[in-house]
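Welcome, and please open your viewer so that we can walk through this model together.

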Amino acid sequence: MNVKQRTIKNEVEISGVGLHTGKIVSMTIKPAPENHWFKFRRIDLEGQPEILVDADNVTDTSRGTTISQNGASVSTIEHLMASLIGLQIDNVLIDIDGPEIPILDGSAAIFVKLLEEAGFEEQDADRDYYEISNNIHYAEPERKVEILGMPMDGYRLTCMIDFNSPVLGSQHAAITSIEDFKAEIASSRTFCFLHELEMLVDHGLIKGGDLSNAIVIVDKETSPEELQKLAHLFHKETVAVAKEGILNNNQLRHQNEPARHKLLDMVGDLALVGRPLKGHIMAARPGHAANVAFAKKIKEQIKKDKTRKKIKVYDPNMPALYDTVEIMKILPHRQPMLMVDKILELTETHVVGLKNVTMNEDLFMGHFPGAPLFPGVLQIEAMAQTGGILVLKTVPDPENWLTLFLKIENARFKAQVTPGDSVIFRCDLMEPIRRGIAKMKGVAMVGEKIVCEAELMAQIVRVNNN
């Protein structure tokens, strides 16, 4: 049974302070129609511009994930996005009156609680998963960052962090299914090192931080004066270093809470793919920048897969609909300029032809004889002859007509064609043939690889009135 998309039944209202801006922000999460995905709407700005949650819209990953579109931006979106993905929600519209998502307690737990209270509503459309079919790899060797996506029927995530810190050490976290997100990951809070905290304060950031929404890891010797300064800064009577090596303002919710939070961030950032995922994601030392780069790699693979799905792969050895003799009854071309050996498929809207490229063709005597390549211009010619079969079959006496080029557009050559290759040419009508004029999209393939594509316009003209 196909899984259906879902949204929320009721609106969710949330107010809080932004971690870095320190500004109070109000947010309303609203139900949205099928295939909407996640969008923010900046209701405080003129025209209420919308921002789609998409990797192509990411503009900053320095202290969280920021997306921008239509002259507006929203930052620190990852915890809310993780909550939506973790609860398997597909479509919401988020009205927000400021530039940053409220930090709340530094985790996704409050978002999850409020969204569950709002309830879920199943929609008619099927959920549009992207299923990872081949390994997708991203690495930053200089920072020892690595992320790998592998095929799996489900959504599993594994994360390892290692900051070379004697306090934090190496930690791992994993969920075997996205259904485990609420129980295992959602409550894990953001964390930072004490030296980072001091730097952020000095640069006027974390204006919304109050030591209750982050775990502070003490990675250096700290004097009583420094601790008292932090206590004053964050409106605490006192702070101290707990035995776990963290400030004692918070108790750890999990022994490996930092690793779990990194996994939480990864779930949220991978929402930028724009679709729910199926696969096993394994990450070593991930961060927002790496997560976004990996999301972009998945999007690139989605585009490639879409192209492949549109192109049917043909067997060069399949029986011919027309052989060379029958082709010569339709086309006026003869050797060495007959570029189609057989027709494999023909309908009212498309045609598929084949050319076997062999070393004994005359053209290779002068065209790179030391490194023989089938010329791109002849690939277009073969493509046009294949299309000519489609057009000439619309008249009862094709032997009395010629097919002439009117236009070639958007021609692209993507790979070399060499002797031994069997090139499949497919031409599809882009619009109905009118007054003998045909506009076609042509694609040339060797196996599953596209080697050439172009848009062709041709006209048939009568040459024999007998």
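In which strand is Arg462 found? Select residues 449–462: this is strand β24, and Arg462 is in it. Keep in mind as you look around that the model is predicted.

Stay on Arg462 and show its surface. Arg462 counts as partly exposed, because its relative accessibility is 38%.

Next, move to helix α2 by selecting residues 109–118, and colour Phe111, Val112, Leu115 and Ala118, which are buried. They lie on the same side of α2, because they cover an arc of only 125° around the axis. An α-helix has 3.6 residues a turn, so residues three or four places apart point the same way. To see what covers the buried residues of α2, bring up elements including β1 (4–8), β2 (12–17), α1 (78–86) and β10 (120–126). Just past the helix, check Gly119, where phi is positive at about 85°.

For the last stop, select Ile85, Tyr155, Val267, Leu270, Ala271, Arg275, Pro276 and Leu277, the lining of the largest cavity. This cavity has a volume of about 40 Å³, and the structure holds 1 cavity of 30 Å³ or more. How do the lining residues divide? There are 7 nonpolar, no polar and 1 charged.

Definitions and conventions
Residues numbered from 1 in each chain as written. Predicted model: local features only at pLDDT ≥ 70, side-chain atom pairs only at ≥ 80, totals over all residues. Heavy atoms only, no water. 1 Å grid on protein atoms, 1.4 Å probe; cavity = no way out; pocket = protein on both sides within 12 Å on 5 of 7 lines; lining within 4 Å. Points joined across faces, edges and corners; volume = space filled by probe spheres on them. Nonpolar A, V, L, I, M, F, W, Y, C, P; charged D, E, K, R; others polar. Buried < 20%, exposed > 50% of the residue type's maximum accessible area, 1.4 Å probe, protein only. Helix = DSSP H or I, 4+ residues; strand = E, 2+ residues; numbered from the N terminus. Arc of directions from axis to C-beta. Contact = heavy atoms within 4.5 Å.
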